[in-house]
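This report goes through some strands and salt bridges of one protein model. The sequence and the structure are shown first, and the description follows.

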Amino acid sequence: MAANLPPPEITKQAAAAAAAEEEEEKESSVDKSKVANRSRLIVRLGALLVSHSGLVSGICCIAGLIAILFLPMLAKNTYISENALMPGSANSLLSYQDVSEGNKLITDITRIINDKKRSADLEIPKLLAQYMQSTGAETYHHTLPQPRKSPFNPLHFFLLSTPTPLPSNQSSFATSTVGIIRAPAGDGKESIVLVSPYNLEKFRSEYLSESSSLGLAFSIFSLLSRASWLSKDVIWVATDSRFGDYASVSAWLNEYHNPNPNFGPGPDFGRGDDLGEGFKRAGTMACAIVFKVVERESGKGRREKVGEERENVAIYSEGSNGQMPNLDLVNVVHYLGVHRQGFRVRVGKLGFLEGVRGIRFLGEVMSRVGRFLRALNPDWKFDVSSGEYVEGAATLASSVFAQAVGVPTGPHGAFRDYQIDAVTLELSPKFSLANENARSAFLLRSGRLIEGTVRSVNNLLEKFHQSFFLYFLTGPNKFISVGVYMIPFALLISPLPILAASLFNFNLTPNPNPNPNPKNPWRWLKPAKFSLLIQTWAVIVSLLPFYISQITDLPPNYSFLIWTLGSLFTLVILYSIFGSPNSTEIEWRLLKAVMIASVSIGLCLMSIINFSTAQIGALFIVPMCLLARPIRAKMDNSIVNLIVSICNLVMVIVGFPLSGFLVREIINGNFGEMNLGVFWESMEYLWAWNSASFLYLILVHLPCWLLFVHILFHPCN
């Protein structure tokens, strides 16, 4: 038997292997227990939040509102991220000789305008082409027929916003003149675009502003045609903006990127206008600068009154649906304007907010809070004066509102549709442009500002990418980055899924009375069905304008009335077929849970499309979701029950989708002139620009408001 025993070495190896297996099993069991403990911890934390959903919701909502109030204090100074830009590193080469060339163009334009025998529609584009050719540039004309009013089409929200031209046999044309300078030190793969809009219809009354814009552009173009350092092609587009600044630029860009061989011919300019044939192109557009001269009387109509002490440069950067150019481009213009040319740079501001007593009182409070926080920790740079807070809040409100509306604030928005960084500059002189000496000095400084911007962009080896594309402006040199302004939005919407889970769990909890049957866990299907029904109705409401717009010569009042009656009639039909949510078979808590779930999805999706729209919408929708409660549902405390009922009734009015347009008309002082057509024109304005705010109002906000009304008047039996 001893001979059959295994050797001692094999026995030791087997024992060691068995021991190793035992150790591995112990380690795996420990790891599994840790994972189980972690999962149980997450489940317990979730259960804790759901069980205290009311407290958590209140804390998060209040914290989100406080975070919004802190945003003007959290703004940072702007800085240039891309070192290759090097603004102001080279001396400007633009001289009075170049400005004198621009003044010659202004004189020639004035002569054409004053000569009633000559047609300015034909002579001014021809004159611009001659001046461009004198610099050695390649020149051509681009014509735009009078744009037709675009009918509503739901698919337009997923396409570029380009104007629809009339057939080419129309006699009314807008003619843009384009000149291209080929870079002597480049390979022709990139280009910089300069756009100077002018309106022939304004030449009679404001000819100095319009002609000065063209004179300024030619001064810069003449200098760049001799620049040996130029490594990117330069395109000067003098756009005839009789049909709007945006329409001409957008039509030219569409033709530039999407050649159309069937585009109609333009007017005949006669002899002496040999510009060659075909639509000429340069390299990929690295940047676009739209600029125009606006006298003080013309600039008051914008969002801020122009200052009196020195020349002004207004920067407009908002594109369609919240798109913004790279912050470095705005920073370069601000740096050169302030530190090199001595301009007062300004951005959009809701000036009326500075005169509101509540805002000024809030500025005093936040200023004291900032000083207190700075005393606690000197590293917390929250101490701002009340005046700085009020000005920052007014500028922030303008930036958020402009992005939320989704309509470009200038012709630069057409470039953002093609992912090209662009801004619009409005240059306002201190003195009258009729003074030739003052005008020449102003054009020199303005030209040097644009020259410095072109030189900085010319230094880039790649597209703008270093700085922010998602930001809010609180001043010309102050901004709030995406990582900061998302905090209030996250705090506002975070309690929604918690509250929905709490309401759903409440309806799954068995009734303490043993007699009734336990609650059905599938009872949420009926509220979900009605929520889907209302969502379907909202889709139908969003499509009705397409059919209403087919009716020709229909006044806005009747259009809105037909839209409203058609929407109500459709809702009644759907309720007669599928039933109403105000039924005793549907638990109002489950209906509220489904409403909150759909709102959470809608807000999150909208934050991806246009964050500003989602942020403003959350300020109205989240309180509606948190406070929604039937009036007949009694609470233990009668005072609290009365307060909640009053708040709900107020939210019915404030949360109505069209209440924002009503507030806007009141602010603008047009309340006495309001009618139903104003609402139709406002909605038509949104869908004409493919604004995502229209989709939000109809597909997210309107269903939430209707479900809120149903919950408010639920029978609660």
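Strand β13, residues 478-481, pairs with β12 in the antiparallel sense, and four bridges join the two. Within this pairing, Leu473 has Phe479 in β13 as its bridge partner. Helix α13, which covers residues 482-493, packs on the sheet and touches both β12 and β13. The direction of α13 makes about 60° with that of β13. The structure described here is a predicted model.

The sheet itself is open and has three strands, in the order β1-β13-β12, with antiparallel pairing. Its edge strands are β1 (76-77) and β12 (471-475), each of which pairs on one side only.

**Strand β7 and its partners**

Strand β5, residues 173-181, pairs with β7 in the antiparallel sense over five bridges. In that pairing Val178 stands opposite Val237 of β7. Strand β6, residues 190-195, runs parallel to β7, and five bridges join the two. Here Val193 is the residue opposite Ile235 in β7.

Is strand β7 largely enclosed or open to the outside? All six of the six residues of β7 (residues 233-238) are buried, so the strand is largely enclosed by the rest of the structure. In β7 both faces are covered. Asp233, Ile235 and Val237 are buried on one side, and Val234, Trp236 and Ala238 are buried on the other.

**Salt bridges**

How many salt bridges does the model contain? The count comes to twelve salt bridges.

| Side chain with N | Side chain with O | Distance (N to O) |
|---|---|---|
| Arg226 | Asp98 | 2.9 Å |
| Arg242 | Asp240 | 2.8 Å |
| Arg445 | Glu311 | 2.8 Å |

The salt bridge of Arg226 with Asp98 links distant parts of the chain, 128 residues apart. Arg226 lies in the loop between α5 (203-224) and β7, while Asp98 belongs to helix α3, residues 96-114. Arg226 is exposed, with a relative accessible area of 52%, whereas Asp98 is buried, with a value of 2%.

Arg242 counts as buried at 17% relative accessibility, and Asp240 is buried with a relative accessible area of 1%.

The side chains of Glu311 and Arg445 also meet in a salt bridge, and this pair again links distant parts of the chain, 134 residues apart. Glu311 sits in the loop between α7 (296-299) and β9 (312-316), and Arg445 is in helix α12, residues 436-458. Glu311 is buried, with a relative accessible area of 10%, while Arg445 counts as partly exposed at 22% relative accessibility.

Salt bridges that share partners also join Glu138, Arg182 and Asp233 into one network. Asp233 is one of the buried residues of β7 named above.

Conventions:
Residues numbered from 1 in each chain as written. Predicted model: local features only at pLDDT ≥ 70, side-chain atom pairs only at ≥ 80, totals over all residues. Heavy atoms only, no water. Buried < 20%, exposed > 50% of the residue type's maximum accessible area, 1.4 Å probe, protein only. Pairing = 2+ DSSP bridges. Contact = heavy atoms within 4.5 Å. Axes fitted to C-alpha atoms, helices over the stretch in contact; angles between N-to-C directions. Salt bridge = Lys/Arg side-chain N within 4 Å of Asp/Glu carboxyl O.
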